[in-house]
Amino acid sequence: MNHLKKVIYNCKQATLLIEKKQLTKLSFRESIELRIHLAGCSMCKLYNKQSHMISTMVFQLFHDSIQQASTAKLDDDFKKELQDRIENELNK
Amino acid sequence: MVTENQLLNPHHWVKAHADYLYAYTLSRINNEELAKDLVQETFLAALQRADRFEGKSSERTWLTAILKNKIVDVYRKKSSGLSNIREKEAEDEQRDFFDEDTGHWNDSNKPLPFGIEDHDPLRGKEFNQILQRCMQKLPSLWMSVFTMKHMDDAATDLICTELRVTQANFWVIIHRAKLSLRACLQKNWI
């Protein structure tokens, strides 16, 4: 009973499991514990939602910035120098 | 048999790939000078090991792989030394998040609704900017682990080896990084 009580109140542990679950498979025990906790904790339910949202946004953020390559172009002088350097190396 | 488009052609490298590699670096390391250096180093390193290119991947994929390693080197350097102070600070901040005995959310730090959970958050430009600022505040090691996992979807084992953290510590860092980010968003958005 004592252990169960700990699981029900421990949001620190529950939020760790929420993070873990997004990236790997939880053990049987962990997944039961998380389910029990979330059933009774509206704060962690909200955390769960927000955490997923943040992960999606972070992922999106980085993939967007690749596509927005036009906003972060190297200047032509730098490029020319760089290609010259490569040619030099090739001719060595 | 190697087909023609799987050969390396260093004469067109800069034209074909430099902007891409630069943008790739900037999204991971927010420093233009350093990003330029890394792009240059990538091409030079690639020349030196051109004989090891087997044609199994495209030229760009191969160059990106070399660049990735260089970025990890930067992460590794950043997360040692002085930056540990920031890590200590961030850990201290989190001490108030949960009750010491029960692990229950403390009232002052409990999650509050952002008000955009059910909308398409990707459209919120302002929210995105706050997110970026919050990410930059993370201690380097947390940022590195978090980025490699959430952005590149790198294997956990690889991240642990590259950044020299244990498996147990990996999950602690993933957890802490997200707790910090969420708290920072709450503080600056609501």
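**Group meeting: the A–B interface and the build of chain B**

Let me start with the interface, where 38 residues of chain A are in contact with 41 residues of chain B, two residues being in contact if their C-beta atoms, placed from the backbone, lie within 7 Å. Please keep in mind that this is a predicted model, in which local features need pLDDT of at least 70 and side-chain atom pairs count only at pLDDT 80 or more, while totals for chains, interfaces and linings use all residues. Residues are numbered from 1 along each chain as its sequence is written, and chains are lettered from A and ligands numbered from 1 in the order in which they are written.

On the side of chain A that touches chain B, α2 (11-23), α4 (42-67) and α5 (76-91) of chain A each supply at least two residues, and the largest share, 17 residues, comes from α4(A). Helices here are DSSP runs of H or I with at least four residues, and strands are runs of E with at least two, numbered from the N terminus. By class, that side of chain A has 22 nonpolar, nine polar and seven charged residues, where Ala, Val, Leu, Ile, Met, Phe, Trp, Tyr, Cys and Pro count as nonpolar, Asp, Glu, Lys and Arg as charged, and the others, Gly among them, as polar. For the complex, the predictor gives an ipTM of 0.79 and a pTM of 0.78.

Turning to chain B, there are eight helices and zero strands. An automatic or database domain assignment divides chain B into domain 1 (4-78) and domain 2 (82-189), and 29 Å separate the centres of these two domains, taken over C-alpha atoms. The contact between them takes six residues from domain 1 of chain B and seven residues from domain 2 of chain B, and on the domain 1 side helix α3 (residues 59-78) of chain B gives the most, with four residues.

One local feature deserves a remark: B:Arg164, in the loop between α7 (156-163) and α8 (167-189) of chain B, has a phi near 55°, a positive value in a residue other than glycine. Most residues other than glycine have a negative phi. B:Arg164 is exposed, with 12 other C-beta atoms within 10 Å; a residue counts as exposed at 12 or fewer such atoms, buried at 20 or more, and partly exposed in between.

Finally, on confidence, chain B averages a pLDDT of 85, and 91% of the residues score at least 70, on the predictor's per-residue scale from 0 to 100. Over residues 1-5 of chain B, however, pLDDT stays under 50. Where pLDDT is low, the predicted coordinates should not be read in detail.
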